[in-house]
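Reader: Please take a close look at one part of the structure shown here, and describe it in one connected account, giving the cut-offs behind each term as you go.

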Amino acid sequence: MTQHWQKNIRNNNSRQNFSDIYEAKFGNENYLKIKEIRNWLVSQEQKSDLRAYLLAEDPYSVDK
């Protein structure tokens with residue numbers, strides 16, 4: 001039982017716990033959709049601009 005092995009077990013458990021929390025919070029269908037969007041977004045060259053567009057209350061307004 002090396003420290004590396006134990007760390008991997010903790011990481012895997014944490015990952016599953018977070019996945020369970022998000023699925024419970026968002027619902028299965030929404031969670032699957034947001035994971036799909038996230039996977040697409042992180043692969044985009046302009047991901048920070050895309051995130052800003054998504055998070056803007058009105059992305060077409062000159063007011064922030």
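Author: What follows concerns helix packing and the aromatic rings.

This is a predicted model, in which local features need pLDDT of at least 70 and side-chain atom pairs count only at pLDDT 80 or more, whereas totals for chains, interfaces and linings use all residues. Residues are numbered from 1 along each chain as its sequence is written, and side-chain values use heavy atoms, with hydrogens and water left out.

Helix α1 covers residues 3-26 and helix α2 residues 28-42 (helices are DSSP runs of H or I with at least four residues, numbered from the N terminus). Their axes come within 6 Å and cross at roughly 120 degrees (axes are lines fitted to C-alpha atoms over the stretch in contact, and angles run from 0 to 180 degrees between N-to-C directions). The two helices are therefore oblique to each other (under 35 degrees is roughly parallel, over 145 roughly antiparallel, 65 to 115 roughly perpendicular, and the rest oblique).

On the α1 side, Ser19, Tyr22, Glu23 and Phe26 meet Asn28, Asn30, Tyr31 and Ile34 of α2 (contact means heavy atoms within 4.5 Å). By class, this contact of α1 with α2 has four nonpolar, three polar and one charged residues (Ala, Val, Leu, Ile, Met, Phe, Trp, Tyr, Cys and Pro count as nonpolar, Asp, Glu, Lys and Arg as charged, and the others, Gly among them, as polar).

Tyr22 and Tyr31, which both take part in that contact, also belong to a cluster in which ring pairs link Phe18, Tyr22, Phe26 and Tyr31 (rings of Phe, Tyr and Trp, the last by its six-membered ring, pair if their centres lie within 6.5 Å; planes under 30 degrees apart are stacked, over 60 edge-to-face, and the rest tilted). A search of the whole structure finds four aromatic pairs, and among them the pair of Tyr22 and Tyr31 is tilted, at 6.4 Å centre to centre with 35 degrees between the planes. Tyr22, at 37% relative accessibility, counts as partly exposed, whereas Tyr31, at 9%, counts as buried (buried is under 20% relative accessible area, exposed over 50%, and partly exposed in between, with a 1.4 Å probe and protein chains only).

At its other contact, α2 has an axis that comes within 9 Å of that of helix α3, residues 47-55, with a crossing of roughly 140 degrees, so α2 and α3 are oblique as well. Here Trp40, Leu41 and Val42 in α2 meet Lys47, Leu50 and Arg51 in α3, and the residues of this contact divide into four nonpolar, no polar and two charged.
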